[in-house]
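Trainee: I am new to this structure. Please take one part and walk me through it closely, with the salt bridges as the theme.

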Amino acid sequence: MIELLQGGAYLVNGTEIVEDNGEALQSIQSKTGRTVTKEEAAKQTIAAGILQSHNTSGNMDKLKIKFDKLTSHDITFVGIIQTARASGLTRFPVPYVLTNCHNSLCAVGGTINEDDHMFGLTCAKKYGGVYVPPHQAVIHQFAREMLACGGGMILGSDSHTRYGALGTMAMGEGGPELVKQLLNQTYDINMPGIVGVYLTGCPVKGVGPQDVALAIIGAVFKNGYVKNKVMEFVGPGVASLSADFRIGIDVMTTETTCLSSIWQTDEEVKSFYEIHGRKEDYKELAPGEVAYYDGMIVVDLGKIRPMIAMPFHPSNTYTIEEVNENLMDILAETEKRAQVSLDGAVEFSLRDKVKNGKFCVDQGIIAGCAGGGFENICAAADILKGRFIGADGFTLSVYPASMPVYMELIKNGCAADILETGAVMKTAFCGPCFGAGDTPANNAFSIRHSTRNFPNREGSKLQNGQISSVALMDARSIAATAANKGVLTPATEFDGTFVKYQYHFDSNIYANRVFDSHGVADPDVEIQFGPNIKDWPAMGALPDNLVLQVVSEIHDPVTTTDELIPSGETSSYRSNPLGLAEFTLSRKDPQYVGRAKQIQKAEKERMAGGHPCEACPQLKDVMEAIKTKHPETSRENTGFGSTIFAVKPGDGSAREQAASCQKVLGGWANIANEYATKRYRSNLINWGMLPFLIAEGELPFKNLDYLFVPGIRKAVEEKAENIKAYTVSENGLQEFTMQLGELTDEERQIILKGCLINYNRV
């Protein structure tokens with residue numbers, strides 16, 4: 001059902017793939033009568049055209065992008081605006097939407113959540129933004145309904161910022177990248193590769209967008225086929241999909257580790273804009289007559305079957321039929337794989353959920369930017385109509401993605417059909433996606449049409465012996481399972497009829513409740529702060545030399561941002577850098593915070609003009625060993641801090657706090673074999689942390705070792721390819737080499753200054 005071409009490919013007239021080989025261009029000439037080069041054809045993709053129109057550098061190899069619009073939600077916008085304010089922000093230079101869909105419940109930490117909301121409202125008034133109150137819409141649904149436009153670009157501080165199905169190239173990044181846009185700076189990247197996703201056929205009855213998305217993720221994640229590239233959806237199969245269906249696939253492209261996505265557009269997308277009263281924002285997009293792609297994913301939609309992503313990653317995919325046919329083997333394999341993610345900290349069992357040869361799940365959730373769309377919920381209602389979920393342990397909750405969607409479900413009767421089954425419908429809220437809503441019981445198994453199923457996202461606290469797990473499925477198969485009282489069931493077994501419901505968008509819901517400044521700033525507005533909203537602590541510039549202690553060593557194949565800084569209960573502290581930092585690596589390495597603070601004492605003492613070895617006596621022997629080869633080393637030219645080693649850190653969320661929390665605790669660097677995503681590496685850089693790379697299989701240090709990096713400031717300034725470092729041991733200094741990878745001139749200056757705040761401070 002999924003084929004990955006090995007190498008590049010040309011797309012001719014949008015319908016014919018010609019693999020890039022020695023005869024490709026000659027074959028194309030004979031078909032079209034045109035002589036074309038690969039370089040010319042590469043400019044004919046949709047993505048290349050949009051990137052060119054937003055690039056300000058004049059060099060398509062080195063892009064400097066300015067976005068049309070920005071979006072953030074209530075666990076990111078406080079830190080972003082605080083950072084920008086510290087750098088001289090006076091007004092939002094582009095439309096900036098602040099939604100309140102993550103800490104909407106206002107149920108944790110006293111007044112913290114609502115204080116953040118009032119901060120957002122007053123900032124929208126003062127700086128000229130848009131404020132969407134809690135429960136009105138999740139961030140991405142509001143963007144689809146009100147912001148997306150053909151050929152535009154949107155930057156959001158949430159990793160699932162994806163509106164490609166509507167003709168908008170959107171990217172999710174850490175907060176500092178939005179700060180740059182607010183300060184009229186640019187998003188700097190090399191021209192990304194562009195991979196075609198060629199769709200053919202049409203989905204069979206019962207298959208939904210999450211099924212297609214999971215099939216693609218399963219095929220491309222592990223091999224990095226689209227990592228940091230743009231996925232461009234083309235081909236005749238696109239026309240067989242509704243706008244909602246395309247949106248449901250598109251939002252999940254984040255889980256492939258691609259940079260962004262874009263789709264060819266047509267009358268279906270034009271109709272979407274017309275329904276939402278924005279027909280002028282539609283633009284027809286299609287690749288040129290001959291377009292070149294750096295890779296090609298061929299998807300036969302008709303062969304996709306209902307999918308499930310087993311714990312604990314969206315790429316751990318099977319068909320539901322395959323799971324049911326090989327139940328005990330797949331469950332045993334999942335248990336074994338899970339122990340790597342869980343470090344064997346708790347007992348994890350799935351096979352005890354098999355009853356009479358059937359796999360019984362405990363909970364179903366249809367929610368958020370992926371699952372809460374109109375068509376997904378309508379299809380679930382059709383399956384559930386006249387059924388009931390039972391009075392036992394199984395529960396089902398449905399979260400429409402916006403109030404306009406909810407209103408239409410009420411009007412067309414689908415809400416009533418769902419509620420009558422014993423399921424619960426709730427307001428627009430992202431909580432189930434990151435562990436802040438509908439948390440399962442200990443050892444429970446939840447099936448969710450949401451975006452991620454990482455460990456620790458669903459309320460697990462391994463240090464307390466608590467574990468639950470999430471599998472990703474499409475709303476249709478979740479409904480089929482619910483109708484079967486929790487027995488895992490693919491929606492292809494549904495023998496009823498799916499109704500074609502017409503959607504009517506009620507714009508009055510937003511007109512009556514959303515604050516829109518229409519870009520007009522009011523500098524006289526006083527920002528409303530709460531006691532939990534704190535400024536960033538002072539951060540020093542990069543010193544000439546560094547002494548680093550390795551305070552955590554992680555050998556998992558991939559380390560997620562959820563493991564670096566847990567989501568869920570920590571979300572209420574996102575506006576308090578020091579408070580949030582206390583949770584850093586708390587579920588992966590609970591000793592990290594204490595160790596990082598211990599070595600940080602030395603740097604604080606140094607910055608205050610004192611003697612680091614007095615604050616950390618264990619450094620005395622370290623410094624004596626260093627001075628045997630580098631006698632020039634002194635407290636005036638040498639900084640002290642922590643680093644972590646992880647094989648491949650940064651998969652998942654765009655949240656900057658995965659890096660900033662380490663920085664707040666005195667972190668100066670990460671050391672990795674590779675970085676899982678561009679956005680995590682950018683977060684490290686923007687917080688003044690060195691993104692060191694070390695060759696796979698080479699690890700010349702261990703946890704708690706001290707490392708000495710002489711001349712690091714000079715190495716950054718002079719763009720040194722190799723960075724000489726030493727492990728300080730009883731046997732003296734043991735030399736090894738690291739790299740920093742490619743850095744732009746601006747990124748180097750940010751690191752030298754110590755962080756983006758220092759770089760921009762006025």
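Mentor: Start with a term: buried means under 20% relative accessible area, exposed means over 50%, and partly exposed lies in between (1.4 Å probe, protein chains only). This is a predicted model, where local features need pLDDT of at least 70, side-chain atom pairs count only at pLDDT 80 or more, and totals for chains, interfaces and linings use all residues. Residues are numbered from 1 along each chain as its sequence is written, and side-chain values use heavy atoms, with hydrogens and water left out.

Now the salt bridges. A salt bridge is a side-chain nitrogen of Lys or Arg within 4 Å of a carboxyl oxygen of Asp or Glu. The structure holds 24 of them. Helices (H or I, at least four residues) and strands (E, at least two) are DSSP runs, numbered from the N terminus.

Take Arg246 first. Its side chain meets that of Asp266 in a salt bridge, 2.9 Å from N to O. Arg246 sits in helix α9 (residues 243-250) and Asp266 in the loop between β13 (260-263) and α10 (267-275), so the pair ties together parts that are 20 residues apart in sequence. Arg246 has 0% relative accessibility, so it counts as buried.

Next comes Glu255. It lies in the loop between α9 and β13. Its partner is Arg452, and the side chains meet in a salt bridge at 2.9 Å, N to O. Arg452 belongs to the loop between β23 (445-449) and β24 (469-472). This pair links distant parts of the chain, 197 residues apart. Both Glu255 and Arg452 are buried.

Then look at Arg278 and Asp281. Their side chains also form a salt bridge, 2.8 Å from N to O. Arg278 is buried, with a relative accessible area of 7%. Asp281 is partly exposed, at 21% relative accessibility.

Salt bridges can also join into a network. Lys64, Asp188 and Glu746 are linked in that way.

For a contrast in theme, turn to Gln528. It is found in the loop between β25 (515-516) and β26 (545-554). Gln528 is partly exposed, with a relative accessible area of 38%. Gln528 and Asp115 are 413 residues apart in sequence, yet 7.7 Å apart in space, C-alpha to C-alpha. Contact means heavy atoms within 4.5 Å. By that rule Gln528 touches Asp115, Met118, Phe119 and Thr122, leaving aside residues up to four places away in sequence.
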